[in-house]
Amino acid sequence: MTSSLPAVLRKPAARTAPARRRRSPRTAAWLFAGPTAVLFALFFAYPLGASLYQSLTARHDGVDVFVGLDQYRRLLDDPAFLHSLVNTGLILAVQVPVMIGLALVLAVLLNQSWLRFRSGWRAVFFLPAITTLVAYAVVFQVLLRTDGGLANQALQALGAGPVDWLNSPTWARISLIGSVTWRWTGYNAVILLAGLQAIGRDQYEAAALDGAGTVRTYTGVVLPQLRPVVLFCVITSTIGTLQLFDENYVLTRGGPGDATLTPVVYLYKVGFQQLDFGYAAAIAWVVVLIIAAVSLLQFRLYGRERRR
C-alpha cells in the first residue's frame with residue numbers, strides 16, 4: 001500500500017541525528033566553577049602561599065634567604081609589636097562591649113511600634129557604615145583638632161577647657177574608640193534589629209500572660225534567642241578591631257608615643273617604610289592566628305553557655 005502512494009504523500013525517512021557527546025555532571029561543574037577557581041588561585045591562594053613563604057625569609061645583600069622561624073622569634077623580642085598588641089587589647093576590651101551595648105539599645109528602640117519614620121531612622125543610623133573609612137577619619141581629625149576643633153568649641157561654650165584629643169595618649173585612645181564606635185554602632189544595630197524582628201509577637205504575649213515585665217521579658221525571652229546574632233556581631237567587631245588601621249593611621253599615625261599603635265599599622269610601617277617585607281609578612285600571619293584563636297575562643301564560650 002505504501003509503495004502505491006504518490007511520492008509527494010510519502011513520509012521522508014527519519015534521518016539519524018549524529019550522536020552528541022554528553023558532558024558528565026563533573027565536567028559541567030568544572031566549566032562553571034573554572035573561572036572562579038582561576039581567580040581564587042591567582043588573587044587569593046597564590047598571594048597567601050607567597051606571603052607565608054616570605055615570612056620565612058629575610059633579605060641579605062639584596063637576596064631573599066630562607067631563615068625558617070627566625071622572623072617569628074624576632075616578634076617575641078620586639079617591644080613595639082608587643083606594645084601594639086597591648087594597645088589593641090585595651091581598645092578591644094572597651095570598644096566592643098560599649099558598641100554592642102549601644103547597638104542593642106538602639107535596635108530595641110528602632111523595633112518599637114510607636115516610633116514614627118522607623119525606616120528613615122534605620123537608614124540614618126546605618127549611613128556611617130557606608131561612609132568611606134578615610135573620609136570619616138579625616139572628618140574626625142578636623143572635629144578633634146586642638147585649636148578650632150568643633151569638639152573643643154563645644155567644650156569652651158560649656159565653660160570647660162580645651163582637650164588635646166589627638167596628642168595625649170589617653171585622649172587619643174578615647175578619640176579612636178569614639179570614632180570606631182560612631183561608625184559601626186548603627187551597622188550592628190541593624191543586624192540586631194533583624195534578629196529582634198525574627199522573634200514572634202506571640203512570645204512577647206506569652207511572657208506578658210506569665211506576668212513578666214519589660215525587663216524580665218527582654219532578659220528571659222528576647223536575649224537568649226538573640227544570642228547567636230549577638231555572637232555574630234561580637235566576632236565581626238572583634239575581627240575589625242584586630243585589623244584596625246585606617247582610623248588610627250589617619251588620626252594619630254599610631255601615636256602619640258605609640259599609644260594607638262596597632263599590629264596592622266606597625267605592619268605598614270615595617271613593610272612600606274622600612275621595606276622589611278619578610279618581617280611584615282610574619283606580623284600579618286601572627287595577626288591572622290590571633291584572629292582565628294580569638295574567634296574560636298568566642299565560639300567555644302558560646303557553645304559552653306548553650307549547653308548549660
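Start by selecting Arg74 and Tyr279: Arg74 lies over the face of Tyr279, at 3.7 Å from the ring centre. For such a charge over a ring, NZ of Lys or CZ of Arg must be within 6 Å of the ring centre and within 35 degrees of the ring normal.

Before moving on, note that this is a predicted model, where local features need pLDDT of at least 70, side-chain atom pairs count only at pLDDT 80 or more, and totals for chains, interfaces and linings use all residues. Residues are numbered from 1 along each chain as its sequence is written, and side-chain values use heavy atoms, with hydrogens and water left out.

**Stop 1: aromatic rings**

The whole structure holds 14 aromatic pairs. Rings of Phe, Tyr and Trp (its six-membered ring) pair if their centres lie within 6.5 Å; planes under 30 degrees apart are stacked, over 60 edge-to-face, and the rest tilted. Select Tyr53 and Phe66, a stacked pair with 6.4 Å centre to centre and 25 degrees between the planes. Tyr53 belongs to helix H1 (residues 25-54) and Phe66 to strand S2 (residues 63-66), so this pair ties together parts that are 13 residues apart in sequence. Helices (H or I, at least four residues) and strands (E, at least two) are DSSP runs, numbered from the N terminus. Is Phe66 buried or exposed? Phe66 is exposed, at a relative accessible area of 53%; buried means under 20%, exposed over 50%, and partly exposed in between (1.4 Å probe, protein chains only).

For a group of rings, select Phe245, Tyr249, Tyr268, Phe272 and Phe277, which form one aromatic cluster.

**Stop 2: along helix H7**

Now pick Trp184 and Tyr187, both in helix H7 (residues 169-197) and 3 residues apart, about one turn of the helix. Their rings make an edge-to-face pair, 5.4 Å centre to centre with 85 degrees between the planes. Trp184 is partly exposed, at 27% relative accessibility.

Which residues does Asn188 contact, leaving aside neighbours within four places in sequence? They are Met99, Ile100, Ala103, Cys233, Thr236 and Ser237, where contact means heavy atoms within 4.5 Å.

Next, go to Ser179 in helix H7, which counts as buried at 1% relative accessibility. Not counting residues up to four places away in sequence, Ser179 touches Tyr136, Phe140, Glu247 and Leu251.

**Stop 3: a helix against H7**

Show helix H4 (residues 118-126) together with H7: they pack at an angle of about 140 degrees, with their axes 7 Å apart. Axes are lines fitted to C-alpha atoms, for helices over the stretch in contact, and angles run from 0 to 180 degrees between N-to-C directions. To see the contact, select Arg122, Phe125 and Phe126 of H4 with Gly186, Tyr187, Val190, Leu193 and Gln197 of H7.

**Stop 4: the loop between H10 and H11**

Finish at Pro256, in the loop between helix H10 (246-251) and helix H11 (263-273). The peptide bond from Gly255 to Pro256 is cis, with omega near -5 degrees. Arg253 is in the loop between H10 and H11 and has a positive phi, near 55 degrees. Asp258 also lies in that loop, with a positive phi near 60 degrees. Most residues other than glycine have a negative phi, and most peptide bonds are trans.
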